[in-house]
Amino acid sequence: MTAIGSYFKIGPARLFVHAAVLLIVIIWLIPTLGIFVSALRDKDQIVVSGWWTAFVGSTQTAAVRLGTPDQQKQEGASYVISGNVLEGQAGRAVKAFGNRIQQPAAFKAGETADLGDGETLQINSDGSYRYVKNTAFSPDQRPKRIYASVSAPPEFTLQNYNTVLRGEGIGQSFINSLTVTIPATIIPILIAAFAAYALSWMEFPGRGLLIALVVGLIVVPLQMSLIPLLRLYNEIGNMLGQPSKTYPGIWLAHTAFGMPLAIYLLRAYIAGLPKEIIESARVDGASDFEIFVRIVLPLSFPALASFAIFQFLWVWNDLLVAMVFLGTDKDHIVLTGSLNALLGSRGGNWEILTASAFVTIIVPLLVFFGLQRYLVRGLLAGSVKGG
């Protein structure tokens, strides 16, 4: 009975946690789904309807002109101009029409509208129409303009992605971001793993001070070090006769900014590894390097993967450091820089912006879902083990 009572006591709390997680997932998923759907729609559909209507079609008002007077045919005492306002637009249908912009849906499709002066107009849902007048149409008369409410079926296209990747330079920026992110993720992990092992299992003077220094560096705002570090880069570049804004430069910058957190997370995990394993390896004559490579690294994969997610996402989504240490020329600009430029030059083209945004987030999504099973285990392992 006690176990059953305990279960029902924690039941509501567990239910609340699950409901909260589900709510967070929905809040995150809805905008992402909106970006994905909008990127597959054309400009006209985005303007007239929201992305949530993409699967049921859209309705828009179109201005069309009827046939010219030389197309008229006499039928009894009346003169008729016929044709189709949806010619070449397969799958679309007319829902209503009107002869004034103020009332574009004054008459239902299939209804005969009295336009005055002996003129009538009938437009069917398939776009076919009969424009009838009791006297002949004047040769100088301009084609009649009418307004039609046209429904379009759901349409999806990959043209937006083609435009973005080829015409807007996003494809090159995508390669630039990969060139920056992959080394800037691997380098700090390698260095931090060595440092974390040293701070966990090697005895040397000042180890405690170094650990305190690492923790202190975590809270230093990145923006404080940007200008001094850039000045240092420029001075070294002038001494060596090399440009300061290069890929190795931004790799080192991201490595420096990510190192404190990397060392802190990896040390918490490595310090929690069983002491007996390390001591047994030393008794067998293994050096610290062999212990690190053959024992510590394989056992620390969850922690390495969890930090890799953080570092990859941070570097991939970074704009400030990339602009400062790499620049914004077309051969070096990263994805976030290109997307920022599009906001200014193509701010009204939502189909271009959403396609660009989805190209930007697709790689972080793949990285996260590929390594997410290690995330929580890597972050929490150091807090539940003693070392």
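Leaving aside residues up to four places away in sequence, Ser38 touches Ile46, Trp51, Asn160, Glu351 and Thr354. The model described here is predicted. Ser38 belongs to helix α1, which covers residues 2-38. Its relative accessible area is 12%, and because the cut-off for buried is under 20%, Ser38 counts as buried. A polar atom of the Ser38 side chain lies 2.9 Å from the backbone oxygen of Gly34.

Strand β9 spans residues 145-152, and six of its eight residues are buried. Strand β9 pairs with β1 and with β4, as set out below.

| Strand paired with β9 | Residues | Sense | Bridges | A facing pair |
|---|---|---|---|---|
| β1 | 58-65 | antiparallel | eight | Thr59 and Ser151 |
| β4 | 93-98 | antiparallel | five | Gly98 and Tyr147 |

In a regular strand, side chains alternate between the two faces of the sheet.

The largest nonpolar core has 25 residues. The residues with the most contacts inside this core are Ala192, Tyr197, Ile263, Leu266, Ile270, Ile291 and Val296. Two or more core residues come from each of α4 (170-201), α7 (247-270), α8 (275-283), α9 (288-299) and α10 (301-316). Ile291 touches Tyr197 and Val296, and also Ile278, Ala281, Arg282 and Ala286, again not counting residues up to four places away in sequence.

Technical notes: Residues are numbered from 1 along each chain as its sequence is written. This is a predicted model: local features need pLDDT of at least 70, side-chain atom pairs count only at pLDDT 80 or more; totals for chains, interfaces and linings use all residues. Side-chain values use heavy atoms; hydrogens and water are left out. Helices (H or I, at least four residues) and strands (E, at least two) are DSSP runs, numbered from the N terminus. Buried means under 20% relative accessible area, exposed over 50%, partly exposed in between (1.4 Å probe, protein chains only). A polar contact is a pair of N or O atoms within 3.5 Å; within protein, one must be able to donate a hydrogen and the other to accept it, and residues adjacent in sequence count only if both atoms are side-chain atoms. Contact means heavy atoms within 4.5 Å. Two strands pair if DSSP finds at least two bridges between them. A nonpolar core is a set of buried Ala, Val, Leu, Ile, Met, Phe, Trp, Tyr and Cys residues joined through side-chain atoms within 4.5 Å.
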